[in-house]
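The sequence and the structure come next, and the description follows them.

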Amino acid sequence: MVGIFGGRNAVEKGTENRVGPARRKWVAAVVIGAVALTGAGLVASVVIKSPAQALADAGPPPRDVLTAEVERRVLEDSVIVRGSVTAAQSLEITPTVRGEDGAGAPVVTKLALRTGDTVKAGQVLFEVSGRPVFALKGKLPVYRDLKPESSGDDVAQLQRALGELGHATGGDRSGFFGAGTKAALTSFYASVGYEPVPAQADGGSAVAEAQNAVTAAERALEDLRDAAATTGEQGTRKGADDGTAVSRQRAEERALADRDEARQTLADARAADGPMLPAGEVVYMEGFPARVDAVTAKVGTSVEGPVLTLSAGALVVQGHLQSYQKGLVRVGQKVEILSEVSGVTAAARVALVSSTPETGQDQSPSGDAGAAPAAPAAGEYRLEVRPDKPLDTQLVGQDVRLTIQAASTKGKALVVPISAISSAADGRTVVTVQEADGTQRRVRVRPGTTGDGYAEIVPQNGDALSVGDKVVTGTDGGTQR
């Protein structure tokens, strides 16, 4: 065994001696190659980068400034606002008429009109506590009862209205409620089936008493004259003295004065007597036919608010413009009216643009009510649009859309994109001008009308700004360095 094992070891040692140096060279080569590859990988990891890594390491590019040129041109745009359809005059009628006995709350006792009905001048609208309420033509609002001997513009308005209905006021001068106006008013009331309210509530007793006083004064004067005549004849025969004649003359003069005073009192009583026009029995409309827009009461109910609403005159649309819109809108421009409720469209034109801004309080004329636009905000400008053809009366009170077509400034103006206008730290409104050498300067401006993405500007404090100057409107979205 020992020999065998000893011989095997000898053989292995001999083989090892033959191949040892070659194997060591190969292993060394492998090690050197591995080291070389590792070094190359390290170098590559430092020098070679992926596109994403290269972009991330590079950071954002420098930001470019966007500019636009200052222009001088007419600014145009379509202006769209909301408006409310209303009549030239709209009136809610809340009567103050009381019963013939003058007591009790007013009650509607007759109502023959319905919404949509047409009303003529002189027509009775409804009846309250047995008394009529009628409509006459006129512009002045009712503010007092009109009685005989009254005078003023409201009396002249009544006279014209009665005359247009065929009830002439005779020889009364315009604005004076005389005998002719009394006759005309009595005739009008008779034509609508009512008796007028007497101006004097005494049933004519003042006139009767004045007449009796005149009769007594005239008789006293006659008796005095008869007595004087008899006494005079007797005195002539008996030689009466001058003192008696003087006394008779003085007595007659006093009697004449009493008679004249009584006659004047009678004339005054008659002038004050006759029919009157109570303020609660008449409403004035500027034009006829008028329309009933709403009926809000029923026969038999107490009057606690408006009984009905009347409107007269052509239907118009009223709205409001913001300050930046006002410069684009002028009288005469075309407008399209659109009712989103019914789909109705109508052509119209701008009839009025207020020159002064609203104060934020209700600016409705006195007496006007019913369909009216929403209360304006402070700084807004009132706008009125008149349709080319009469609008359907069903549109009264509706909120509609107004598109003012091709609205524009009156002439050429300096304009820049709206994005070029900014506010400085001190609150000033400015634009930034980019000079050719890349420097920038700020110009203080006053912005005006806007439209189509542009705004009118006016340089302030003598700052220079010319057509062709480049103003900064923004950047391309990068990060400025």
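## Contacts and overall make-up

Two residues are in contact when they have heavy atoms within 4.5 Å. With contact taken in that sense, residues 24 or more positions apart account for 73% of the contacts in the protein chain that have a separation of 6 or more. The model is predicted, and local features are reported for it where pLDDT is at least 70.

The protein chain contains 7 helices and 22 strands. Of its 481 residues, 33% count as buried.

In soluble globular proteins, nonpolar side chains tend to be buried together. In this model the largest nonpolar core has 24 residues, and those with the most contacts inside it are Leu-383, Leu-402 and Ile-404. The elements that give two or more residues to this core are strands, namely S3 (76–93), S12 (308–321), S13 (334–338), S14 (345–353), S15 (381–387) and S16 (399–408). A second, separate core has 20 residues, and among them are Val-119, Ala-135, Met-285 and Val-307.

When residues up to four places away in sequence are left out, Leu-402 touches Val-79, Ile-80, Val-81, Gly-83, Val-317, Val-335, Glu-336, Ile-337, Leu-383 and Val-385.

## Aromatic pairs and charges over rings

Taking rings whose centres lie within 6.5 Å as paired, the count comes to 3 aromatic pairs. One of them joins Phe-134 and Phe-188 in an edge-to-face arrangement, at 4.9 Å centre to centre and with 70° between the planes. Phe-134 lies in strand S7 (residues 131–137) and Phe-188 in helix H4 (residues 179–191), so this pair ties together parts that are 54 residues apart in sequence. Both partners are buried, Phe-134 with a relative accessible area of 0% and Phe-188 with a relative accessible area of 2%.

Phe-134 also forms an aromatic pair with Tyr-189, again edge-to-face, at 5.6 Å centre to centre and with 85° between the planes. This second pair likewise links distant parts of the chain, with Phe-134 in strand S7 and Tyr-189 in helix H4, 55 residues apart. Tyr-189 counts as buried at 0% relative accessibility, and Phe-134, Phe-188 and Tyr-189 form one aromatic cluster. Elsewhere, Arg-73 lies over the face of Tyr-454, at 4.5 Å from the ring centre, and Lys-326 lies over the face of Tyr-381, at 5.2 Å from the ring centre.

## Enclosed space

Rolling a probe the size of a water molecule over the atoms shows where empty space is left. A search of the whole structure finds 1 cavity of 30 Å³ or more, and the largest cavity holds about 70 Å³ of space. Its lining is made up of Leu-140, Pro-141, Val-142, Tyr-143, Arg-144, Leu-146, Asp-154, Gln-157, Leu-277, Val-282 and Tyr-284. Helix H3 (153–164) and strand S10 (282–285) are the elements that give two or more residues to this lining.

## Buried loop residues

Thr-169 lies in the loop between H3 and H4 and is buried, with a relative accessible area of 14%. Leaving out residues up to four places away in sequence, Thr-169 touches Gln-159, Gly-180, Thr-181 and Ala-184. The C-alpha atoms of Thr-169 and Leu-185, which are 16 residues apart along the chain, are separated by 8.4 Å.

Val-303, in the loop between strand S11 (290–295) and S12, is buried with a relative accessible area of 16%. The C-alpha atoms of Val-303 and Thr-94 are 209 residues apart along the chain and are separated by 7.7 Å.

## Backbone details

The peptide bond from Phe-288 to Pro-289 is cis, with omega near 5°, and Pro-289 lies in the loop between S10 and S11.

Ser-129 has a phi near 50°, a positive value in a residue other than glycine, and its place is in the loop between strand S6 (124–128) and S7. Asn-461 has a phi near 55°, likewise positive in a residue other than glycine, and is placed in the loop between strand S21 (454–459) and strand S22 (470–475). Ser-129 counts as buried at 18% relative accessibility, whereas Asn-461 counts as exposed at 60%.

Methods. Residues are numbered from 1 along each chain as its sequence is written. This is a predicted model: local features need pLDDT of at least 70, side-chain atom pairs count only at pLDDT 80 or more; totals for chains, interfaces and linings use all residues. Side-chain values use heavy atoms; hydrogens and water are left out. Rings of Phe, Tyr and Trp (its six-membered ring) pair if their centres lie within 6.5 Å; planes under 30 degrees apart count as stacked, over 60 as edge-to-face and the rest as tilted. Helices (H or I, at least four residues) and strands (E, at least two) are DSSP runs, numbered from the N terminus. Buried means under 20% relative accessible area, exposed over 50%, partly exposed in between (1.4 Å probe, protein chains only). A charge sits over a ring if NZ of Lys or CZ of Arg is within 6 Å of the ring centre and within 35 degrees of the ring normal. A nonpolar core is a set of buried Ala, Val, Leu, Ile, Met, Phe, Trp, Tyr and Cys residues joined through side-chain atoms within 4.5 Å. On a 1 Å grid over the protein atoms alone, a cavity is a set of points where a 1.4 Å probe fits but cannot get out, and a pocket is an open set with protein on both sides within 12 Å along at least five of seven lines; lining residues have an atom within 4 Å of a point. Grid points are joined across faces, edges and corners, and a volume is the space filled by probe spheres set on the points.
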